[in-house]
Amino acid sequence: MHQLPRNAGAGSSRGITSSEAFGASTPHDSAVDLKFTSQILNPLVNSLLSVFFPVTCSLCQSVVEDLSLGVICQSCWRRVGPFRGILCTRCGYGFPSTNIQSARPLCGGCRRSLFLFDFARAYSPFEDPLKEIIHQFKYSSHPSLAKPLAHLLLSVYQSNPQELSADLIIPVPLHRSRERERGFNQAFELSRQFSRLTRIPLPTRLLVRTRPTKVQAGLSRRERRINLRGAFEVSRSRVLEDKTVLLIDDVFTTGATLNECAKILKEHGALRINVLTLARVIRG
Ligand SMILES: [Zn+2]
Ligand SMILES: [Zn+2]
(Lines give C-alpha, C1' and ligand atoms only; values in the text may rest on other atoms or scores of the structure.)
(Ligands and ions follow the chains in the order given, each with its own letter.)
Protein backbone atom coordinates (compact mmCIF):
# COMPACT_ATOMS: atom_id res chain seq x y z
CA MET A 1 0.00 0.00 0.00
CA HIS A 2 1.27 3.40 -0.85
CA GLN A 3 0.23 6.22 1.26
CA LEU A 4 0.12 9.94 1.37
CA PRO A 5 -0.41 11.90 4.51
CA ARG A 6 -3.76 13.00 5.73
CA ASN A 7 -3.31 16.54 4.48
CA ALA A 8 -1.82 15.77 1.09
CA GLY A 9 -5.12 15.04 -0.52
CA ALA A 10 -7.14 17.70 1.15
CA GLY A 11 -9.21 20.14 -0.83
CA SER A 12 -8.79 23.84 -1.21
CA SER A 13 -11.66 25.57 0.40
CA ARG A 14 -13.93 23.18 2.18
CA GLY A 15 -11.35 21.11 3.93
CA ILE A 16 -12.13 17.91 2.06
CA THR A 17 -10.24 15.09 3.67
CA SER A 18 -7.60 13.09 1.92
CA SER A 19 -9.72 9.97 2.08
CA GLU A 20 -12.52 11.80 0.28
CA ALA A 21 -10.09 13.26 -2.20
CA PHE A 22 -8.59 9.93 -3.16
CA GLY A 23 -11.79 7.99 -2.84
CA ALA A 24 -10.31 5.78 -0.13
CA SER A 25 -12.44 4.17 2.50
CA THR A 26 -10.02 4.76 5.34
CA PRO A 27 -11.24 6.67 8.37
CA HIS A 28 -10.49 10.34 8.73
CA ASP A 29 -7.41 10.08 10.79
CA SER A 30 -5.60 7.35 8.96
CA ALA A 31 -3.36 7.94 6.02
CA VAL A 32 -4.67 7.42 2.56
CA ASP A 33 -3.94 4.95 -0.17
CA LEU A 34 -2.81 6.30 -3.46
CA LYS A 35 -4.73 4.33 -5.99
CA PHE A 36 -2.63 5.50 -8.86
CA THR A 37 0.31 3.36 -7.80
CA SER A 38 -0.99 0.28 -9.50
CA GLN A 39 -1.77 2.32 -12.59
CA ILE A 40 1.86 3.30 -12.97
CA LEU A 41 3.85 0.34 -11.82
CA ASN A 42 3.09 -3.14 -10.78
CA PRO A 43 3.84 -3.06 -7.01
CA LEU A 44 6.26 -5.95 -7.33
CA VAL A 45 8.14 -4.28 -10.16
CA ASN A 46 8.04 -1.07 -8.18
CA SER A 47 9.67 -2.61 -5.11
CA LEU A 48 12.26 -4.50 -7.18
CA LEU A 49 13.21 -1.34 -9.00
CA SER A 50 13.58 0.54 -5.74
CA VAL A 51 15.94 -2.15 -4.43
CA PHE A 52 18.15 -2.36 -7.51
CA PHE A 53 17.98 1.26 -8.59
CA PRO A 54 17.49 3.28 -5.42
CA VAL A 55 16.23 6.80 -6.02
CA THR A 56 17.01 9.51 -3.53
CA CYS A 57 14.45 12.16 -2.67
CA SER A 58 15.18 15.43 -4.48
CA LEU A 59 14.26 17.33 -1.33
CA CYS A 60 15.69 15.43 1.63
CA GLN A 61 18.00 12.87 -0.02
CA SER A 62 16.45 9.91 1.78
CA VAL A 63 15.64 6.81 -0.27
CA VAL A 64 12.35 6.92 -2.18
CA GLU A 65 10.60 3.63 -1.57
CA ASP A 66 7.50 4.28 -3.63
CA LEU A 67 8.55 5.18 -7.16
CA SER A 68 5.00 6.09 -8.10
CA LEU A 69 5.47 9.26 -6.07
CA GLY A 70 8.19 10.45 -8.44
CA VAL A 71 11.50 11.65 -7.06
CA ILE A 72 9.98 12.86 -3.80
CA CYS A 73 9.75 10.64 -0.73
CA GLN A 74 6.55 9.98 1.14
CA SER A 75 7.51 12.05 4.16
CA CYS A 76 8.22 15.11 1.97
CA TRP A 77 4.85 14.67 0.23
CA ARG A 78 3.31 14.50 3.68
CA ARG A 79 4.44 18.03 4.37
CA VAL A 80 2.46 19.36 1.38
CA GLY A 81 -0.73 20.83 2.80
CA PRO A 82 -3.74 22.50 1.21
CA PHE A 83 -5.01 26.05 1.65
CA ARG A 84 -6.37 26.65 5.11
CA GLY A 85 -8.48 29.61 6.09
CA ILE A 86 -10.73 31.83 4.05
CA LEU A 87 -10.55 32.09 0.26
CA CYS A 88 -11.85 34.70 -2.16
CA THR A 89 -15.14 33.25 -3.39
CA ARG A 90 -14.24 33.90 -6.99
CA CYS A 91 -10.47 33.64 -7.56
CA GLY A 92 -9.44 31.54 -4.55
CA TYR A 93 -7.02 34.11 -3.12
CA GLY A 94 -6.15 33.00 0.43
CA PHE A 95 -6.80 35.83 2.86
CA PRO A 96 -3.97 36.12 5.38
CA SER A 97 -6.54 37.16 8.00
CA THR A 98 -9.13 34.84 9.46
CA ASN A 99 -11.17 37.80 10.64
CA ILE A 100 -13.41 38.14 7.58
CA GLN A 101 -17.07 38.73 8.18
CA SER A 102 -18.57 38.33 4.70
CA ALA A 103 -20.10 34.98 3.82
CA ARG A 104 -18.91 35.44 0.22
CA PRO A 105 -15.66 37.40 0.54
CA LEU A 106 -14.01 38.93 -2.52
CA CYS A 107 -10.38 39.98 -2.77
CA GLY A 108 -9.27 43.43 -3.98
CA GLY A 109 -8.58 42.08 -7.48
CA CYS A 110 -12.05 40.60 -7.85
CA ARG A 111 -13.70 43.70 -6.41
CA ARG A 112 -11.94 45.69 -9.14
CA SER A 113 -12.92 43.05 -11.75
CA LEU A 114 -9.28 42.50 -12.71
CA PHE A 115 -9.78 38.90 -13.75
CA LEU A 116 -11.32 37.77 -17.01
CA PHE A 117 -11.73 34.16 -15.92
CA ASP A 118 -14.80 33.24 -13.90
CA PHE A 119 -13.49 31.07 -11.10
CA ALA A 120 -10.08 29.91 -9.86
CA ARG A 121 -8.75 27.55 -7.24
CA ALA A 122 -5.28 26.34 -6.29
CA TYR A 123 -4.29 23.45 -4.08
CA SER A 124 -2.03 25.40 -1.80
CA PRO A 125 -0.05 28.59 -1.30
CA PHE A 126 3.19 28.75 -3.29
CA GLU A 127 5.40 27.76 -0.38
CA ASP A 128 7.84 24.99 0.41
CA PRO A 129 7.81 22.07 0.10
CA LEU A 130 5.32 22.30 -2.80
CA LYS A 131 7.28 25.23 -4.23
CA GLU A 132 10.43 23.11 -4.34
CA ILE A 133 8.56 20.10 -5.75
CA ILE A 134 7.21 22.29 -8.58
CA HIS A 135 10.74 23.57 -9.15
CA GLN A 136 12.03 20.00 -9.41
CA PHE A 137 9.17 19.14 -11.76
CA LYS A 138 9.79 22.07 -14.11
CA TYR A 139 13.46 22.83 -14.07
CA SER A 140 15.14 19.61 -13.03
CA SER A 141 13.43 17.58 -15.69
CA HIS A 142 11.24 15.35 -13.57
CA PRO A 143 8.05 15.00 -15.63
CA SER A 144 7.24 11.86 -13.60
CA LEU A 145 6.07 14.21 -10.86
CA ALA A 146 3.10 15.19 -13.07
CA LYS A 147 1.11 12.20 -11.91
CA PRO A 148 1.27 12.69 -8.13
CA LEU A 149 0.86 16.45 -8.66
CA ALA A 150 -2.26 15.87 -10.79
CA HIS A 151 -3.78 14.14 -7.76
CA LEU A 152 -3.49 17.42 -5.87
CA LEU A 153 -5.42 19.09 -8.70
CA LEU A 154 -7.96 16.30 -8.49
CA SER A 155 -8.60 16.93 -4.82
CA VAL A 156 -9.28 20.62 -5.52
CA TYR A 157 -11.57 19.64 -8.37
CA GLN A 158 -13.45 17.21 -6.16
CA SER A 159 -14.03 19.85 -3.51
CA ASN A 160 -15.42 22.34 -6.07
CA PRO A 161 -17.22 19.98 -8.45
CA GLN A 162 -19.80 22.39 -9.79
CA GLU A 163 -17.66 25.49 -10.03
CA LEU A 164 -14.77 23.69 -11.73
CA SER A 165 -16.78 21.45 -14.02
CA ALA A 166 -15.77 21.86 -17.67
CA ASP A 167 -16.28 20.63 -21.20
CA LEU A 168 -12.59 20.63 -21.97
CA ILE A 169 -9.15 21.21 -20.49
CA ILE A 170 -6.64 23.69 -21.87
CA PRO A 171 -3.11 23.89 -20.47
CA VAL A 172 -1.38 27.28 -20.47
CA PRO A 173 0.94 26.88 -23.45
CA LEU A 174 4.67 27.47 -23.59
CA HIS A 175 6.30 28.87 -26.69
CA ARG A 176 7.89 26.13 -28.80
CA SER A 177 11.39 27.44 -28.09
CA ARG A 178 10.82 27.30 -24.31
CA GLU A 179 9.24 23.85 -24.56
CA ARG A 180 12.19 22.56 -26.55
CA GLU A 181 14.58 23.99 -23.98
CA ARG A 182 12.72 22.37 -21.06
CA GLY A 183 11.80 19.18 -22.89
CA PHE A 184 8.13 19.39 -21.95
CA ASN A 185 5.36 21.79 -20.98
CA GLN A 186 4.59 21.34 -17.30
CA ALA A 187 1.01 22.59 -17.71
CA PHE A 188 0.40 20.09 -20.50
CA GLU A 189 1.82 17.17 -18.47
CA LEU A 190 -0.38 18.10 -15.51
CA SER A 191 -3.39 18.44 -17.82
CA ARG A 192 -2.73 15.10 -19.45
CA GLN A 193 -2.68 13.31 -16.10
CA PHE A 194 -5.67 15.28 -14.83
CA SER A 195 -7.63 14.46 -17.99
CA ARG A 196 -6.94 10.75 -17.42
CA LEU A 197 -8.28 11.01 -13.88
CA THR A 198 -11.41 12.99 -14.73
CA ARG A 199 -12.06 11.97 -18.35
CA ILE A 200 -12.48 15.63 -19.28
CA PRO A 201 -11.28 15.94 -22.90
CA LEU A 202 -7.92 17.57 -23.58
CA PRO A 203 -7.80 18.78 -27.18
CA THR A 204 -4.23 19.19 -28.35
CA ARG A 205 -2.71 22.56 -29.18
CA LEU A 206 -5.99 24.46 -29.20
CA LEU A 207 -4.36 27.42 -27.51
CA VAL A 208 -0.82 28.17 -28.65
CA ARG A 209 1.81 30.72 -27.69
CA THR A 210 2.81 32.41 -30.90
CA ARG A 211 5.80 34.32 -29.61
CA PRO A 212 8.21 33.90 -26.73
CA THR A 213 7.64 36.29 -23.85
CA LYS A 214 10.01 37.71 -21.28
CA VAL A 215 10.03 36.13 -17.83
CA GLN A 216 7.29 37.94 -15.92
CA ALA A 217 9.07 38.08 -12.56
CA GLY A 218 9.98 41.62 -11.66
CA LEU A 219 7.53 43.20 -14.11
CA SER A 220 4.70 45.47 -12.98
CA ARG A 221 1.10 44.53 -13.69
CA ARG A 222 1.06 46.89 -16.68
CA GLU A 223 4.38 45.58 -18.02
CA ARG A 224 3.11 42.02 -17.72
CA ARG A 225 0.04 42.91 -19.73
CA ILE A 226 2.16 44.49 -22.47
CA ASN A 227 4.60 41.57 -22.42
CA LEU A 228 1.76 39.11 -23.01
CA ARG A 229 -0.24 41.10 -25.53
CA GLY A 230 -0.86 39.03 -28.65
CA ALA A 231 1.27 36.17 -27.33
CA PHE A 232 -1.50 33.57 -27.66
CA GLU A 233 -3.60 32.31 -30.51
CA VAL A 234 -6.49 29.86 -30.81
CA SER A 235 -6.04 27.30 -33.55
CA ARG A 236 -9.61 26.00 -33.92
CA SER A 237 -12.33 28.41 -32.73
CA ARG A 238 -15.22 26.12 -33.46
CA VAL A 239 -14.17 23.73 -30.70
CA LEU A 240 -14.56 26.51 -28.13
CA GLU A 241 -18.02 27.76 -28.98
CA ASP A 242 -20.24 27.95 -25.87
CA LYS A 243 -17.84 25.72 -23.97
CA THR A 244 -16.73 25.86 -20.37
CA VAL A 245 -12.95 25.61 -20.27
CA LEU A 246 -10.75 24.45 -17.43
CA LEU A 247 -7.47 26.31 -17.80
CA ILE A 248 -4.61 24.51 -16.06
CA ASP A 249 -1.19 25.79 -15.00
CA ASP A 250 1.30 24.99 -12.27
CA VAL A 251 1.36 28.35 -10.47
CA PHE A 252 -1.02 31.31 -10.28
CA THR A 253 1.32 34.25 -9.75
CA THR A 254 -0.45 37.54 -10.52
CA GLY A 255 -3.01 36.01 -12.85
CA ALA A 256 -1.72 38.05 -15.84
CA THR A 257 -0.96 35.00 -18.02
CA LEU A 258 -4.19 33.25 -17.05
CA ASN A 259 -6.05 36.47 -17.77
CA GLU A 260 -4.55 36.81 -21.23
CA CYS A 261 -5.46 33.19 -22.00
CA ALA A 262 -9.01 33.70 -20.69
CA LYS A 263 -9.38 36.81 -22.82
CA ILE A 264 -8.48 35.12 -26.08
CA LEU A 265 -10.49 31.99 -25.29
CA LYS A 266 -13.57 34.13 -24.67
CA GLU A 267 -12.93 36.12 -27.84
CA HIS A 268 -13.09 32.79 -29.66
CA GLY A 269 -16.42 31.81 -28.20
CA ALA A 270 -15.71 30.14 -24.84
CA LEU A 271 -18.56 30.78 -22.43
CA ARG A 272 -16.86 30.33 -19.09
CA ILE A 273 -13.25 29.93 -17.97
CA ASN A 274 -12.34 28.11 -14.77
CA VAL A 275 -8.76 28.07 -13.59
CA LEU A 276 -7.03 25.26 -11.71
CA THR A 277 -3.43 25.49 -10.48
CA LEU A 278 -1.25 23.63 -8.03
CA ALA A 279 -0.16 26.72 -6.16
CA ARG A 280 -1.04 30.37 -5.73
CA VAL A 281 1.33 33.17 -4.84
CA ILE A 282 -0.07 35.02 -1.85
CA ARG A 283 1.32 38.47 -1.12
CA GLY A 284 0.80 40.47 2.00
ZN1 LIG B 1 12.11 13.57 1.09
ZN1 LIG C 1 -10.46 37.21 -5.81
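**Loops and backbone in a predicted model**

Q: Where is Arg-199 found?
A: This model is predicted. Helix H9 covers 186-198, and strand E7 covers 207-209. Arg-199 sits in the loop between H9 and E7.

Q: What is the phi of Arg-199?
A: Most residues other than glycine have a negative phi. Arg-199 is not a glycine, yet its phi is positive. The value is about 65°.

Q: What is the phi of Arg-205?
A: Arg-205 is found in the loop between H9 and E7. With 11 C-beta neighbours inside 10 Å, Arg-205 counts as exposed. Arg-205 is a residue other than glycine, and its phi is positive, near 45°.

Q: Is the peptide bond from Asp-128 to Pro-129 cis or trans?
A: Pro-129 lies in the loop between strand E5 (119-125) and helix H6 (130-139). Most peptide bonds are trans. Omega from Asp-128 to Pro-129 is near 5°, and this bond is cis.

Q: Which residues is Thr-98 in contact with, leaving aside its neighbours within four places in sequence?
A: Thr-98 is in the loop between helix H4 (74-78) and helix H5 (108-111). Thr-98 is exposed, because 8 other C-beta atoms lie within 10 Å. Contact here needs C-beta atoms within 7 Å. The partners are Gly-85 and Ile-86.

Q: What separates the C-alpha atoms of Thr-98 and Gly-85?
A: Along the chain, the two residues are 13 residues apart. Their C-alpha atoms are separated by 6.3 Å.

Notes:
Residues are numbered from 1 along each chain as its sequence is written. Chains are lettered from A and ligands numbered from 1 in the order in which they are written. This is a predicted model: local features need pLDDT of at least 70, side-chain atom pairs count only at pLDDT 80 or more; totals for chains, interfaces and linings use all residues. Helices (H or I, at least four residues) and strands (E, at least two) are DSSP runs, numbered from the N terminus. A residue is buried if 20 or more other C-beta atoms lie within 10 Å of its own, exposed if 12 or fewer, and partly exposed in between; C-beta atoms are placed from the backbone. Two residues are in contact if their C-beta atoms, placed from the backbone, lie within 7 Å.
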